Amino acid sequence: MAVDIKLKRANKVYHEEETLSGVVILTSKEPIQHQGITLTMDGAVSLQLSAKSVGVFEAFYNSVKYTLRCDVRRPLLAKDLMKSCEFILHSLPQKGRLTPSPVDFSITPESLQNVRERTPLPGFKIRGRLDSTNCIITQPLTGELMVENLDVPVKSIELQLVRVETCGCVEGYARDSTEIQNIQIADGNICQGLAIPIYMVFPRLFTCPTLETTNFKVEFEVNVVVILQDDHLITENFPLKIYRF
């Protein structure tokens, strides 16, 4: 005997105030007896120490899961059956219009922060533009990047999307950054003065609207990463605000 849950929506995506509907399928080769079938819906946020933890709650991994569970109670000598099915819950779109917040940037040796090496950096100037750091989750992050001059050839240019989770507790605040997407926008030594388009689609299962509460935050950042042939790494960080409209 087996039990299964089939939701009417194949993508299992629902919004607030919508009805979650489907069927419970019981499969058996012979007549069965049961003492009741129950459905339970759970929404849970779990906080766990991440593999990067060194001390007490120095880093954490968080997940938000919505689950529909079906329990079939069997007679005393028979084993109860259970089946669970995860689904995705989207918040209702926010009202109003989103105001674009374009960012023009220029990256030079003088503009870099947190330079760890004492050896001189090669000369370079990279400029670009993000069309908006206020982003709609269903629309791509766009812009362009241009290498104006560079003393060392380029090996690769990448866009790195990072989720930053912060949780408050008695001991203070725990902050954990996770790379959730990395795409290459240029490969090899590119032509100087050539505009390279920036186009990144937000991954549905790993992004959500930016969330800020008193003790819990989920934020997002994008890093522009330029890797040189001599293995120097140039990185520029841009905080993002993600909305659902």
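I count a residue as exposed when its relative accessible area is over 50%. The model I am reading is a predicted one.

I found aspartate 231 in the loop between strand S15 (216-228) and S16.

I then turned to glutamate 17. Its phi is near 75°, again positive in a residue other than glycine. Glutamate 17 sits in the loop between strand S2 (13-15) and S3. Its relative accessibility is 77%, so I put glutamate 17 down as exposed.

**Entry: salt bridges**

How many salt bridges are there? I have the count as twelve. I wrote up some of them.

Lysine 6 bridges to aspartate 4, with 3.7 Å between the closest N and O atoms. I noted lysine 6 as partly exposed at a relative accessible area of 45%. Aspartate 4 is partly exposed too, at 24%.

Glutamate 148 and lysine 125 meet through their side chains in a salt bridge of 3.6 Å, N to O. Glutamate 148 belongs to strand S10 (residues 141-150) and lysine 125 to strand S8 (residues 124-130), so this pair ties together parts 23 residues apart in sequence. I recorded glutamate 148 as partly exposed, at 28% relative accessibility. Lysine 125, with a relative accessible area of 33%, is also partly exposed.

Are glutamate 165 and arginine 163 buried or exposed? I found both of them buried. They form a salt bridge in which the closest N and O atoms are 3.4 Å apart.

I also noted a network of salt bridges that links Asp104, Arg129 and Asp131.

**Entry: the sheet with S8 and S10**

Four strands make up an open sheet, in the order S7-S8-S10-S13, with antiparallel pairing. S7 and strand S13 (195-200) are the edge strands, each pairing on one side only. I have the twist from one strand to the next at 20° on average.

S8 and S10 pair in the antiparallel sense, over seven bridges. Which residue of S10 stands opposite lysine 125? I read off asparagine 149. The salt bridge partner of lysine 125 is glutamate 148.

**Entry: aromatic pairs**

I have three aromatic pairs in the structure. In one of them, the rings of tyrosine 66 and phenylalanine 87 have centres 6.1 Å apart and planes at 35°, so I classed the pair as tilted. This pair links distant parts of the chain: tyrosine 66 is in strand S5 (residues 60-72) and phenylalanine 87 in strand S6 (residues 81-90), 21 residues apart. Tyrosine 66 is partly exposed, at 29% relative accessibility. Phenylalanine 87 is buried, with a relative accessible area of 9%.

Next I took the rings of phenylalanine 105 and phenylalanine 238. Their centres are 4.9 Å apart and their planes stand at 50°, so this pair is tilted. Phenylalanine 105 lies in strand S7 (residues 103-107) and phenylalanine 238 in strand S16 (residues 233-243), so the pair ties together parts 133 residues apart in sequence. Phenylalanine 105 is buried, at a relative accessible area of 7%. I have phenylalanine 238 as buried, with 7%.

Which residues do ring pairs link into a cluster? I listed Tyr14, Tyr66 and Phe87.

**Entry: nonpolar patch**

Last, I looked for nonpolar surface. A patch of about 450 Å² is made by Met1, Val24, Leu26, Ile32, Ile37 and Leu39. Strand S3 (22-27) and strand S4 (37-49) each give at least two residues to this patch. I placed isoleucine 32 in the loop between S3 and S4. Isoleucine 32 is partly exposed, with a relative accessible area of 33%.

Terms used
Residues numbered from 1 in each chain as written. Predicted model: local features only at pLDDT ≥ 70, side-chain atom pairs only at ≥ 80, totals over all residues. Heavy atoms only, no water. Salt bridge = Lys/Arg side-chain N within 4 Å of Asp/Glu carboxyl O. Buried < 20%, exposed > 50% of the residue type's maximum accessible area, 1.4 Å probe, protein only. Phe/Tyr/Trp six-rings, centres within 6.5 Å; stacked < 30°, edge-to-face > 60°. Patch = residues over 30% accessible without salt bridge, like charges linked within 9 Å, V, L, I, M, F, W, Y side chains within 5 Å. Areas by Shrake-Rupley, 256 points an atom, 1.4 Å probe, with all protein chains shown as cover. Pairing = 2+ DSSP bridges. Axes fitted to C-alpha atoms, helices over the stretch in contact; angles between N-to-C directions.
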